Amino acid sequence: MLGGDPQVSGFEDPGAFGFETRAIRAGQPHDPYTGAVVTPISLATTFAQDAVGRPRHGYEYGRTGNPTRHAYQVCVASLEGARHGFAFASGLAACDALLRVLRPGDCLLLGDDAYGGTFRLIDSVFGNAGVEHAAVDLTAPDKLRDAWTPSTRMVWLESPTNPLLTVVDIEAVCAVTHELGGIVVVDNTFATPYLQQPLALGADAVVHSATKYLGGHSDVVGGFVATDDDRLADHLVFTQNAVGAVPSPFDCYLTLRGVKTLGVRMDRHEASAQALVEVLDAHRAVRSVLYPGRPDHPGHDIARRQMSGFGGMVSFRLYGGRAAAECVASSTRVFTLAESLGAVESLIEHPGAMTHASAAGSALEVPDDLVRLSVGLETASDLADDLGTALDAALECAPASPSELNPVS
Ligand SMILES: Cc1ncc(COP(=O)(O)O)c(C=O)c1O
């Protein structure tokens, strides 16, 4: 549904509209009382009932349902091509809600590269509650067959992954998993529905850290789950209400506002990312550049098939090890050294010591010479100059032996 009453929304055939139109209008009818074109922030925690058990407009209590949250859920579900969408108070709350379908003794298989906080949730919270897990190299989907046990219920994957930008063939993983009797969850945070729609590739559920590209402005923490599976949807309705990790109406408003510009932002993130890949390629401190848009990236062909672009995240490894990586991450002026990603401002970080520290010592540990960039919307030449200067600094503070250095320059 694009926007409720077609008289009010002006949309009678939602299927006929493109991504950007749905981002701006889906779930967002003009306000029937005032004609306001922006969805109001509905702060009420409780809603009038006409008779016992007969809420006047379908809403009862703010944890259970809220009009601003409803608009946001309808909109992002529409962008993911899903029939059901659920907003949560953070990306990890969204992951937690999905993982709660698992029972003690069940096993989960996850890709061997993923956000460290997701790994911590699976390992330390669900692990302590008796849910088993194992990491699998999902770039070879048949490896799922070797790892599969009678207790395996779910495969959890990111593509592109955080932080190594590995691309997983979602269709192939779904085919093997479904044949073995499991379900597939895809964390679509890096790609966003603008570039990749996992449900159309066979996934059973999509999860987002809405804190990132969906919100897009580093001012709201949120999470989202989209699915076409009615049983999973029932579980998520129940969990939203029973556990209560729901976003505030203001957070829903902010995220919905961010989503309206998702398409144009992603185009610009990607254009600048491509330009920075060239800067990295040309610098002799750089050992390797991890970006799915590079023709020599091992997942490039899969990315071309299952994505409509390559996104705004770039990682790279340096000669000079951790000292060089920390030096680059601390030497920029336009890029801010900070955790998180996907917003208007460019961020740089050292995953091994920051976002992925909780994966240290596990199969998901990341190399310590790795730096991750979230390419923002600043002037592209400022970003290129800033990165080049920081890379030069790495040569000063962590000189590698000449034979180790990239011969390109
Ligand atoms: C890929 C991915 N999934 C999930 C999360 C968790 O989201 P949040 O920080 O909104 O809880 C993050 C956070 O960085 C992430 O990068």
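In the predicted model, Cys 327 has a relative accessibility of 13% and therefore counts as buried, the limit for that class being under 20%. The sulfur of this residue is joined to that of Cys 397 in a disulfide, with an S to S distance of 1.8 Å. Cys 397, at 42% relative accessibility, counts as partly exposed. A disulfide is a covalent bond between the sulfur atoms of two cysteines. The structure holds 1 disulfide.

With regard to secondary structure, Cys 327 belongs to helix α13, which spans residues 321-329, and Cys 397 belongs to helix α14, which spans residues 380-397; the pair therefore ties together parts that are 70 residues apart in sequence. The torsion about the S-S bond of Cys 327 and Cys 397 is about -140°, so the disulfide is left-handed.

Other cysteines were examined in terms of sulfur separation and burial. For Cys 107, the closest cysteine sulfur is that of Cys 95, at 17 Å, which is too far for a bond. Cys 107 is buried, because its relative accessibility is 8%. For Cys 252, the closest cysteine sulfur is that of Cys 75, and the separation of 12 Å is again too far for a bond. Cys 252 has a relative accessible area of 0% and is therefore buried. The cut-off that applies to both separations is 2.5 Å between sulfur atoms.

The model also contains an open sheet of 7 strands, arranged in the order β3-β9-β8-β7-β6-β4-β5 with mixed pairing. Its edges are formed by β3 (84-88) and β5 (132-136), each of which pairs on one side only. From one strand to the next, the twist averages 20°. Strands of a sheet pair through backbone hydrogen bonds, either parallel or antiparallel.

Within this sheet, strand β7 (residues 183-187) runs parallel to strand β8 (residues 205-209), and the two are paired over 3 bridges. Val 186 has Val 206 in β8 as its bridge partner. Helix α9, comprising residues 230-243, packs on the sheet and touches β3, β7, β8 and β9 (223-227). The direction of helix α9 makes about 30° with that of β3.

Conventions: Residues are numbered from 1 along each chain as its sequence is written. This is a predicted model: local features need pLDDT of at least 70, side-chain atom pairs count only at pLDDT 80 or more; totals for chains, interfaces and linings use all residues. Side-chain values use heavy atoms; hydrogens and water are left out. Helices (H or I, at least four residues) and strands (E, at least two) are DSSP runs, numbered from the N terminus. Buried means under 20% relative accessible area, exposed over 50%, partly exposed in between (1.4 Å probe, protein chains only). Two strands pair if DSSP finds at least two bridges between them. Axes are lines fitted to C-alpha atoms, for helices over the stretch in contact, and angles run from 0 to 180 degrees between N-to-C directions. Contact means heavy atoms within 4.5 Å.
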